[in-house]
Amino acid sequence: MATRDIYTTSFDEDRPTDNTPCPECSGQVRTNSVETVCEDCGLVIDEQRIDHGPEWRTHDQDQRKRTGAPLTAARHDRGLSTEIGRRKDANGNELSGQKRQRLSRMRREQNRGRFQSKAERNLAHGLGEVRRIASALELTDSVRDQACQLFRSAQNEDLLRGRSIEAIAAASVHGACRCNGHSRLLDDVVDRARIEQSRVANAYKTLNTELGLPTQPVRPSEFIPRLASELGISDAIRRRAVVLSKHHQETAISNGCRPSGVAAACIYKAAQKHGRPLTQQRVADAAGMSAVTVRARRDELNAA
């Protein structure tokens, strides 16, 4: 699911041509990245239909800007769509009422012909939901693009049938976070989504089974920095909690238990050793669980 696998890396025009002689003088033909010419008579036999040179908008060396944004997997048309402006023209001048009405009709017709099929319309809606959730979770652009590509794969495998688009979009974001090792709980994604948790969990299970996501088990140490930031504890307590979580990672305590619960118990135990007055209820509220769970994990850590 690397982002470099999303885009094509070559053009059809870059294919090497056959070593055929010149049709005019039968001379030797030379092919470069731009055109195919005869070295004897200078006849241009073929040339590139795509200009691979720079497309600067200004000749100023310090203010060079490209004319368009790069391709992105976060939009259904890879970011190649056209937007019709409002009220002002390209020079910033106010448009007359007649021209605004004309642009309004053009904009309406463009929106009607924007999607070629219902599948493309669903793709646009789903990618928009992925972008919204990723923005609310403050994810990086690479994780967002991977989530969008995962949604595309789900649609290509016909996994949207019988499931809501919002559930698949939220599950794609959660799957991308799991594949990249981010300590994002399913509850965090559901809070930003517009769907029930059970439907998101079912959609993620389907994606993980049908697409074979390269997810790894979540370790308790991944939740400690986040809980430490919410509780406002010192770095010494945080380092002690990380050592405790790594020490008990391969034991039966971590197996079959919520990683966030084990992380909360490690923070609580580390705070006790450093004399920090940290209550079980406060740690449980930060981890999103009950104080009974924190106390049970604490007792298992003490018995280990």
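User: Okay, if a disulfide is a pair of cysteine sulfur atoms within 2.5 Å, how many disulfides does the structure hold?

Analyst: Zero disulfides. Bear in mind that this is a predicted model, where local features need pLDDT of at least 70 and side-chain atom pairs count only at pLDDT 80 or more, while totals for chains, interfaces and linings use all residues. Residues are numbered from 1 along each chain as its sequence is written, and side-chain values use heavy atoms, with hydrogens and water left out.

User: Is Cys-177 buried or exposed?

Analyst: Buried, with a relative accessible area of 1%. Here buried means under 20% relative accessible area, exposed means over 50%, and partly exposed is in between (1.4 Å probe, protein chains only).

User: Back to Cys-38, then. Which residues does the UniProt "binding site" annotation cover?

Analyst: In the unreviewed UniProt entry, that annotation covers Cys-22, Cys-25, Cys-38 and Cys-41. They span 20 residues in sequence, but no two of their C-alpha atoms are more than 8.7 Å apart, so they gather at one spot. One caution: UniProt positions are given in the numbering used here, feature names are shortened, and annotations may be inferred rather than shown by experiment.

User: Where does Cys-22 lie, and what is it in contact with?

Analyst: Cys-22 is in the segment before strand E1, which is 29-31. Helices (H or I, at least four residues) and strands (E, at least two) are DSSP runs, numbered from the N terminus. Skipping its neighbours within four places in sequence, Cys-22 is in contact with Gly-27, Val-29, Cys-38, Cys-41, Leu-43 and Ile-45. Contact means heavy atoms within 4.5 Å. At 3% relative accessibility, Cys-22 counts as buried.

User: And where is Cys-38 found?

Analyst: In strand E2, residues 35-38. Cys-38 counts as buried, at 3% relative accessibility. Not counting residues up to four places away in sequence, Cys-38 touches Cys-22, Cys-25, Gly-27, Gln-28, Val-29 and Leu-43.

User: Switching topic: what pLDDT does the protein average?

Analyst: The average is 79, and 80% of the residues score at least 70. pLDDT is the predictor's confidence in each residue, from 0 to 100.

User: Where does pLDDT stay under 50?

Analyst: Over residues 1-17. For that stretch the model has 24 contacts beyond four places in sequence.

User: Now charges. How many salt bridges does the count come to?

Analyst: Eleven salt bridges, where a salt bridge is a side-chain nitrogen of Lys or Arg within 4 Å of a carboxyl oxygen of Asp or Glu. Side chains of opposite charge can pair when their charged atoms come close.

User: Which residue forms a salt bridge with Glu-129?

Analyst: Arg-132 does, and the closest N and O atoms are 2.6 Å apart. Both residues lie in helix H2 (residues 118-136), three residues apart, which is about one turn of the helix. Glu-129 counts as buried at 4% relative accessibility, while Arg-132 is partly exposed, with a relative accessible area of 26%.

User: What about Asp-188, which side chain does it meet in a salt bridge?

Analyst: The side chain of Arg-226, at 2.9 Å, N to O. Asp-188 lies in helix H5 (residues 186-192) and Arg-226 in helix H7 (residues 224-231), so the pair ties together parts that are 38 residues apart in sequence. Asp-188 counts as buried at 9% relative accessibility, and Arg-226 counts as partly exposed at 27%.

User: And what does Arg-199 form a salt bridge with?

Analyst: Glu-196, with the closest N and O atoms 3.8 Å apart. Arg-199 is partly exposed, with a relative accessible area of 40%, and Glu-196 is partly exposed too, with 45%. Elsewhere, salt bridges that share partners join Glu-129, Arg-132 and Arg-194 into one network.

User: Last one: which helix does Thr-206 lie in, and what does it touch?

Analyst: Thr-206 lies in helix H6, residues 197-211. Leaving out residues up to four places away in sequence, Thr-206 touches Leu-159, Arg-163 and Leu-211. The side chains of Thr-206 and Arg-163 make a polar contact at 3.3 Å. A polar contact is a pair of N or O atoms within 3.5 Å; within protein, one must be able to donate a hydrogen and the other to accept it, and residues adjacent in sequence count only if both atoms are side-chain atoms. Thr-206 is buried, with a relative accessible area of 12%.

Key: A disulfide is a pair of cysteine sulfur atoms within 2.5 Å.
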